[in-house]
Amino acid sequence: MKKKITLPREKEESDVRLAPMMKALRAFHSAMSTADMHDSEALARHRSSQEHLSRLVTPAVAVSYAKDMVKDVPIEWVRPDFVHRDHPIILYCHGGGYTSGGLGYAGILAGKLAMHVGLEVCTFEYRLAPENPYPSALEDAVEVWNHLTYLGYGARDVIVAGDSAGGNMALELALILQSQRRMLPAGMILMSPWTDMTATSSTYEKYRDTDPMLTYDYVCGARNAYAGEDVDYTNPSLSPLYADLLDMPPTLIEVGSNEILRADSENLYKKLHKNGCLARLRVYSGGWHVFQVLPTPRAARALDDVADFIREVGL
């Protein structure tokens, strides 16, 4: 009798079906360079393409969207259509390297969070670099936070979530609040967060050929457009990995095993853990940068893990 041999499944079936889209995503990001970030026409095409790509992703079902304004900052409330709790809510910071992304792009993950977690999500369209470099985006984040407090949401009523550059923003928002001696969010959900703008970790080279979303040149181009080219990237206001990170709220970090920013997540988890913070790191085998955006079983599991984490830490 022959022994049955089971080969490891490196990719989910749905990942294989999405291969053409993933190739398009890689081409989309790798086409951008530092020079392109300062070319208004190239940057406009890049931003428009991102909004178009977001429409290719299956939208969340059973949620409703409502736009509003906070001074000059457009915001959008994403609410589950089913019975759900009023508190806490999620303040979601979208990714895009601080140089792209609007409410259309943000609405994809905001909708998925609302659907899987069963909480209301507030997202916003912050000012983008290079037209509005650091700290413009963070100022907009603080403005939205202040608006939530005006609406009656206390710090313990808000979970801050973010992906990629939005993960950087979520951490920086917590650090700003801490520096102002204000209460911190109830928790943080970070998906493939960009925590180290030095771009020196070994995972940039190790996963160069397996991350369909990001390239080293794209990361450096976005970084330079946002922060400038002649600055100290270890400044904690740019790279939260180099902050003290004391007394941070309960934090869930999700990252794909095959992405160039993997070390940004792993090193953040180590530092939070070393400082006695409640932190959990989930590395998803075969995942790429912000894989939660696309409609795959792996993405659904990761979003369900967010719901489990919120419940387990009592939020």
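The largest nonpolar core of this predicted model has 98 residues, of which Leu-91, Tyr-98 and Phe-124 touch the most other members. Helix α6, residues 165–179, supplies the largest share of this core, eight residues. In soluble globular proteins, nonpolar side chains tend to be buried together.

**Phe-124 and the aromatic residues**

- Beyond its neighbours within four places in sequence, Phe-124 is in contact with residues including Val-73, Pro-74, Ile-75, Leu-91, Leu-103, Val-144 and Met-169.
- Phe-124 belongs to one aromatic cluster with Tyr-98, Tyr-126, Tyr-134, Trp-194 and Tyr-226.
- Across the whole structure there are nine aromatic pairs.
- One of the pairs is Trp-288 with Phe-291, edge-to-face, at 6.4 Å centre to centre and with 70 degrees between the planes.
- Trp-288 has 2% relative accessibility and therefore counts as buried; Phe-291, with a relative accessible area of 0%, is buried too.

**Helix α8**

- Helix α8 covers residues 216–227; at 1.5 Å a residue its 12 residues should span 16 Å, and the end C-alpha atoms are 16 Å apart, which agrees.
- Because 10 of the 12 residues of α8 are buried, this helix is largely enclosed by the rest of the structure.
- Among the buried residues of α8 are Tyr-218, Val-219, Cys-220, Arg-223 and Tyr-226.
- Tyr-226 is also a member of the aromatic cluster that holds Phe-124.
- Arg-223, buried in α8, lies over the face of Tyr-233, at 3.9 Å from the ring centre.
- Gly-228 follows α8 and has a positive phi, near 100 degrees.

Note on methods: Residues numbered from 1 in each chain as written. Predicted model: local features only at pLDDT ≥ 70, side-chain atom pairs only at ≥ 80, totals over all residues. Heavy atoms only, no water. Helix = DSSP H or I, 4+ residues; strand = E, 2+ residues; numbered from the N terminus. Expected span 1.5 Å × (residues − 1). Buried < 20%, exposed > 50% of the residue type's maximum accessible area, 1.4 Å probe, protein only. Core = buried A, V, L, I, M, F, W, Y, C linked by side-chain atoms within 4.5 Å. Contact = heavy atoms within 4.5 Å. Phe/Tyr/Trp six-rings, centres within 6.5 Å; stacked < 30°, edge-to-face > 60°. Lys NZ or Arg CZ within 6 Å of the ring centre and 35° of its normal.
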